[in-house]
Structure formats: C-alpha cells, structure tokens
Amino acid sequence: MSRFEDQKQKIRNESGFIAALDQSGGSTPKALAQYGIKSDAWTDEEGMYRIVHAMRTRIITSPGFNGRRLIGAILFENTMDREIEGKPTADYLWEVKGVVPFLKIDKGLDNERDGVQVMKPMPQLDALLKRAVAKHIFGTKMRSVVLQANAGGVASVVKQQFEVAKQILGAGLIPIIEPEVDIKSPDKAGAEKLLKAAIQPELNKLPRDQVVMLKLTLPEQDNFYREFVQHPRVLKVVALSGGYSLAEADARLKRNNGVVASFSRALVEGLTAQQSDAEFNAKLDATIESIYQASKT
C-alpha cells in the first residue's frame, strides 16, 4: 500500500488518539505561559515560534510519544515547515514515531454572529494544501465555534465546514471537520442537537469514495454521536477536550464508545519547561496512557 493508504488504515483501525499540537497566533503565548515560559523570553514572533517548536519537539521526541498509543498529531503550519532531529516534522512523525501528521489550516475565527463564530476567509488555502501534500501531510483540521443553540448560526458553521472540506478532499487530503460547541454554552445540549441534525445530511451527500473526520466537543448525552461513529463516510470521530480538565475529559470520553481523543490543553496539562527530562517524560507518559485508555472504550 501507499504511505497515504497505510496512514488511512491506521486512523481507521488502530487504537489510540490524536495529539493536538496546533496552538498558533494569539493562543501561543498562553500555551507557553502554561508551560512555564513568560512572554519576556522572546523579542519577536520568530523567537516565540522557535521556543514553541522546542516545546513541541520535546513532546514529540519523548519516548512515550509514539504510534503505539497515538494514531495522529495535528501541527501548526510553522511546525510543519520546521525539522525535528534533521527530518521535516511530518516525516519524523510518521517515519520515526509511526504517528500520522495532520495540519491546522484555518486562520482563526470571525466575529460572533447568530451565536457562532465561523472561520475567517482563507484565500491562500489552495497554495497551503499544495505545500501540505509536498510535506507529506495526511489530513487537515479547521475549527469553528458554536456558542449558542441558534439554528441559523449552526447551519452557517456546518455549511462552511463542508464547503472547505470539499476543497481539501479535492487536494487529496482528509479533512477533520471541527465545529466546536463551547462547553460554557448556556444550552450546550440544545446546540449539540442542532449540530448533529445539520451534519447528518452533509455526510449523506458525500460521494462513496470520500471520507471525512469529525472533531466534536464531548457531548452532554453519552454516545450522542454514535450514528457518526458508524457512518460509512466518517473515517473517525475524535473529541476535543474543550477546556475540561484531563480527568473530566477522560471520564466523558469513556462514556462515548468509538470516539477517540484529540486533546491539546489536556495533553500538556502539568508539563513545564522547568521539569527535568525524567520528570517531563514521566508526566507526559502518564497523561498519554490515561488518554489512551479512555480512548479504547
């Protein structure tokens, strides 16, 4: 099989979860602060990204970060363009770690309207997708946010997500569609019902030879997305931690059969730059094992 087909089979069939290492732009200083590095540690954006790449390199090269318990990792564009131990990051992930590489492609969120935030326009998306293919990226991820149980707003989020997904599929990549429902939404369960109802017909309209992935907030009702887990056009349903603690996210994940984790904040919870390599590796290994076990249910 081709590299792409090998990776597709890994995502479809193997146990494990997806590490979301794609904080970018405005979220990067916060991620570094949680890691124990203050904003005075860099003087410009390039310096900031060198530091964040060092953090991500430390995570990816850690012994516990491997394809036995992880099936994929989502990268920021800047990380894709850099190297780890002399290899392009995506090649290192697959060839050394056995982990499938994905790329975050959205450029952030537009202002709230109708209780949602759609993605900002991406006029350079075709060029980015070509670069991603050349860098041996398998798939992409794009995030919108649902803040309120507003039918019109939810419909606009889903419409945009699937329109862009078709562009991604046309480039030969697998899209992760991520319409995040904010965990602080005043009617989170209601928003989830609207989202599910909007996604279902879009999945049914996909051609038989195409599949997508869904990245969804852990729902209020257990096994709420069972139909998506079983849908022939869905390669995998993954869950975002959405601000829940690792313990809460793992507990919710265990109650949703067939859904695996794609955690970012929960994954790096408790990791700091000040830890020794032994302390860092032990903490990361324990977190990976916790998320892996929760993803197996």
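Author: Helices (H or I, at least four residues) and strands (E, at least two) are DSSP runs, numbered from the N terminus. Axes are lines fitted to C-alpha atoms, for helices over the stretch in contact, and angles run from 0 to 180 degrees between N-to-C directions. This is a predicted model, in which local features need pLDDT of at least 70 and side-chain atom pairs count only at pLDDT 80 or more, while totals for chains, interfaces and linings use all residues. Residues are numbered from 1 along each chain as its sequence is written, and side-chain values use heavy atoms, with hydrogens and water left out.

Reader: At what angle do the axes of helix 10 and helix 11 cross?

Author: The axes of helix 10 (residues 246–254) and helix 11 (residues 277–295) cross at roughly 20° and come within 8 Å. Helix 10 is therefore roughly parallel to helix 11, since angles under 35 degrees count as roughly parallel, over 145 as roughly antiparallel, 65 to 115 as roughly perpendicular and the rest as oblique.

Reader: Which residues of helix 10 and helix 11 meet?

Author: Contact means heavy atoms within 4.5 Å. On the side of helix 10, Leu-246, Asp-250, Leu-253 and Lys-254 take part, and they meet Thr-287, Ser-290, Ile-291, Ala-294 and Ser-295 of helix 11. By class, the residues of this contact are four nonpolar, three polar and two charged (Ala, Val, Leu, Ile, Met, Phe, Trp, Tyr, Cys and Pro count as nonpolar, Asp, Glu, Lys and Arg as charged, and the others, Gly among them, as polar).

Reader: Why is Glu-85 called exposed?

Author: Glu-85 has a relative accessible area of 64%. Buried means under 20% relative accessible area, exposed over 50%, and partly exposed in between (1.4 Å probe, protein chains only), so Glu-85 is exposed. Glu-85 is located in the loop between strand 3 (83–84) and strand 4 (87–88), and its phi is near 50°, a positive value in a residue other than glycine.

Reader: What does the relative accessibility of His-136 make it count as?

Author: The value for His-136 is 36%, so His-136 counts as partly exposed. His-136 lies in the loop between helix 6 (125–134) and strand 7. Its phi, near 70°, is likewise a positive value in a residue other than glycine.

Reader: How much space lies in the largest pocket, and which residues are nearest its centre?

Author: The largest pocket has about 810 Å³ of space. Its lining comprises 33 residues, with Ser-27, Arg-143, Glu-180, Ser-264 and Arg-265 nearest the centre. That lining has eight nonpolar, 13 polar and twelve charged residues.

Notes:
1 Å grid on protein atoms, 1.4 Å probe; cavity = no way out; pocket = protein on both sides within 12 Å on 5 of 7 lines; lining within 4 Å. Points joined across faces, edges and corners; volume = space filled by probe spheres on them.
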